[in-house]
Amino acid sequence: MSRVTTRFFSTVPLRTLSRFASPFSVRSIAHSAPFNKIHIQRDDTTFDAYVVGKDDAPGMVVLQEWWGVDFEIKNHAVKISQLGNGFKALIPDLYRGKVGLDVAEAQHLFDGLDWQGAVKDIHASVNWLKANGSKKVGVTGFCMGGALAIASSVLVPDVNAAVAFYGVPSSELADPAQAKVPIQAHFGELDNFVGFSDVTAAKALEEKLKASGVPHEVHIYPGNGHAFMNRSPEGIKRRKSMGLPDEDEAAVQLAWSRFQSWMTQHLSG
């Protein structure tokens, strides 16, 4: 793995990360949702992906947080599949079946990710959706996945729109000033992941997107911290262990409304 890919969280104080360190059981209604497990091949490797939603709906690649394909990213995919007239949501398993249940495991998986390979996984996922009924495809992601969603807007030619939640890629991986498709981004005002998803990173992203010339929106939610979209009971418990006790359902609903409007606008037709 190159140094480029390890820098996303390099500025987060260890004392902050240490608050993450408690395991959680993985239970969620998302496990009973009608996901279809598929296998996608790209280059000389095959990876699993999980699909939910109507076959002929616009496609949506949904990218995981640093924990992996766990209960929360599945919750998000189910939610997305049901928004408006519906989307066909696909979660590529970037960690190849591994899930971090505590901070040490998540950090290990995060550090070991081949980020350029992950971009190739995303490209293959977009191509799969377009070959299987989706005329247009968006990419969205959360935390690590948010950074990859922005990177996809630069590096994946077949993406039609992107929405990122609290994550910005390193300039070595992708320069948002080179974005080629419409981007919407969401950040919490109290997010303290310096240089990755704090307010300074959000405002820097906005300046880069202005330079790109693509349609864009950057929204900052007052009083909210990192990962504020995670609203399952397990997700709330995990956030509280991270020192993020804020619970702002109105902000979550506003973000989903903005997401739905953005993707409906850019993926219709």
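Are aspartate 121 and arginine 42 buried or exposed? Both are buried, where buried means under 20% relative accessible area, exposed over 50%, and partly exposed in between (1.4 Å probe, protein chains only). Before the close-ups, a word on the model: it is predicted, so local features need pLDDT of at least 70 and side-chain atom pairs count only at pLDDT 80 or more, while totals for chains, interfaces and linings use all residues. Residues are numbered from 1 along each chain as its sequence is written, and side-chain values use heavy atoms, with hydrogens and water left out.

**View A. Arginine 42 and its two aspartate partners.** Arginine 42 forms a salt bridge (a side-chain nitrogen of Lys or Arg within 4 Å of a carboxyl oxygen of Asp or Glu) with aspartate 121, at 2.7 Å from N to O. This pair links distant parts of the chain, with aspartate 121 in helix 4 (residues 115-131) and arginine 42 in strand 1 (residues 36-42), 79 residues apart. Helices (H or I, at least four residues) and strands (E, at least two) are DSSP runs, numbered from the N terminus. Arginine 42 also meets aspartate 43 in a salt bridge, at 3.4 Å from N to O. Aspartate 43 is exposed at 55% relative accessible area, whereas arginine 42 is buried at 14%.

**View B. Arginine 231 with glutamate 247.** These two side chains meet in a salt bridge at 3.8 Å, N to O. Arginine 231 sits in the loop between strand 8 (216-221) and helix 7 (233-241), and glutamate 247 in the loop between helix 7 and helix 8 (249-267), so the pair ties together parts 16 residues apart in sequence. Both are partly exposed: arginine 231 has a relative accessible area of 22% and glutamate 247 one of 44%.

View C. Eight strands line up in the order 1-2-4-3-5-6-7-8, with mixed pairing; two strands pair if DSSP finds at least two bridges between them. Strand 1 and strand 8 are the edge strands, each pairing on one side only. Further in, look for strand 6 (residues 161-165) and strand 7 (residues 183-188), which pair in the parallel sense over four bridges. Valine 163 has glutamine 184 of strand 7 as its bridge partner.

**View D. Helix 5 on the strands.** Helix 5 (residues 144-155) lies across strand 3 (59-63), strand 5 (137-142), strand 6 and strand 7, at about 150 degrees to strand 5. Here contact means heavy atoms within 4.5 Å; axes are lines fitted to C-alpha atoms, for helices over the stretch in contact, and angles run from 0 to 180 degrees between N-to-C directions.
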